[in-house]
Amino acid sequence: MSAVIAFIGLGHMGGPMAANLVKAGHRVVGHDLVPEALKTAVAAGVEAAPSAGAAAAEADVVLTMLPAGRHVLALYQDEGLLAAARPGTLFVDCSTIDVADARTAHEAAVAAGHRAVDAPVSGGVMGAEAGTLTFMVGGDDAAFAQAEPLLAAMGKKAVHCGAAGAGQAAKICNNMILGVSMIAVSEAFVLGESLGLSHQALFDVASTASGQCWALSVNCPVPGPVPGSPANRDYRPGFAAPLMAKDLGLAANAVRAGGVDAELGLRAAALYAAFAEGDGAAEDFSGIVRAIRDRSGQ
Ligand code: NAD
């Protein structure tokens, strides 16, 4: 069934996601603070709204794809998005934000008489364009059931992870595994280099043995063994290092808040924060292998 969707935040991810909702036959009313982002979305069939509130006022569903939790909370509360929507509107926040902020946003939406889910994504800009994102969803069963057909227009899979905040929790736990494993794979390649082991030999062994993981077999951090990996195009992203640093920062916040003994997760957050502020600012996250090689004097 077609719905009227307010889409707020039409950036790298939100723009193509909104375009896929239009393609699926929905009426999408969009807003972004950056005129260029709004213009690109309009070219893809999105109707421009003069403000986020104006978009929400006529919508059945309000979807947000914003940089961080503070943007979501400011928009929902201080800038009056929740108040502008008709009671009973479904709020779907696809941004990657703090678990605590996601729960606050959810409570505020429910208190204002709405339904809400957190639905962060994995799959990156390519997944957003191709409509092959994976959504990790937190919220009650009824809200998930209402959101699911819309998510299907933008992605290949939506996993209901539990109550409010569970989608964000799944996202940061997954990316903590990814960040730690990319560092482990990169350290192993640099150690192999120091021992005279070829990249291909280590890849041929580890990718079919117990060292196998996505960071190695799909996003291999050295050029050669996996021709499509960012290492073969001078580490052009892919999944940019600053986004990995952001997600690990969110994981580190949750680790500290929960008193969890996650030494490697915290270390990975610190290493990626430093990499993203330096040489990795515009690189794929697998470029961290070069920082490890430099620090090893190789
Ligand atoms: P982006 O910066 O390209 O887009 C965010 C957009 O939100 C911008 O266009 C900005 O102008 C707009 N915006 C901010 N505040 C606003 C407001 N009050 N009203 C209207 N518009 C507002 O970022 P992105 O790469 O599209 O990422 C969006 C979210 O998706 C982030 O939370 C990010 O962590 C997550 N994410 C990104 C990727 C990726 O590969 N880019 C992958 C997975 C998840």
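Tutor: Helices here are DSSP runs (H or I, at least four residues), numbered from the N terminus. Keep in mind that this is a predicted model: local features need pLDDT of at least 70, side-chain atom pairs count only at pLDDT 80 or more, and totals for chains, interfaces and linings use all residues. Residues are numbered from 1 along each chain as its sequence is written, and side-chain values use heavy atoms, with hydrogens and water left out.

Student: Okay, where do Y272 and F275 lie?

Tutor: Both are in helix 13 (residues 263-277), three residues apart, about one turn of the helix.

Student: Why is the pair of Y272 and F275 called edge-to-face?

Tutor: Rings of Phe, Tyr and Trp (its six-membered ring) pair if their centres lie within 6.5 Å; planes under 30 degrees apart count as stacked, over 60 as edge-to-face and the rest as tilted. The centres of Y272 and F275 are 6.3 Å apart and the planes are at 70°, so this pair is edge-to-face.

Student: Are Y272 and F285 buried or exposed?

Tutor: Both are buried, meaning under 20% relative accessible area (1.4 Å probe, protein chains only). F275 is buried too.

Student: Which residues do the ring pairs link into a cluster?

Tutor: F239, Y272, F275 and F285.

How values were computed. Helix = DSSP H or I, 4+ residues; strand = E, 2+ residues; numbered from the N terminus. Buried < 20%, exposed > 50% of the residue type's maximum accessible area, 1.4 Å probe, protein only.
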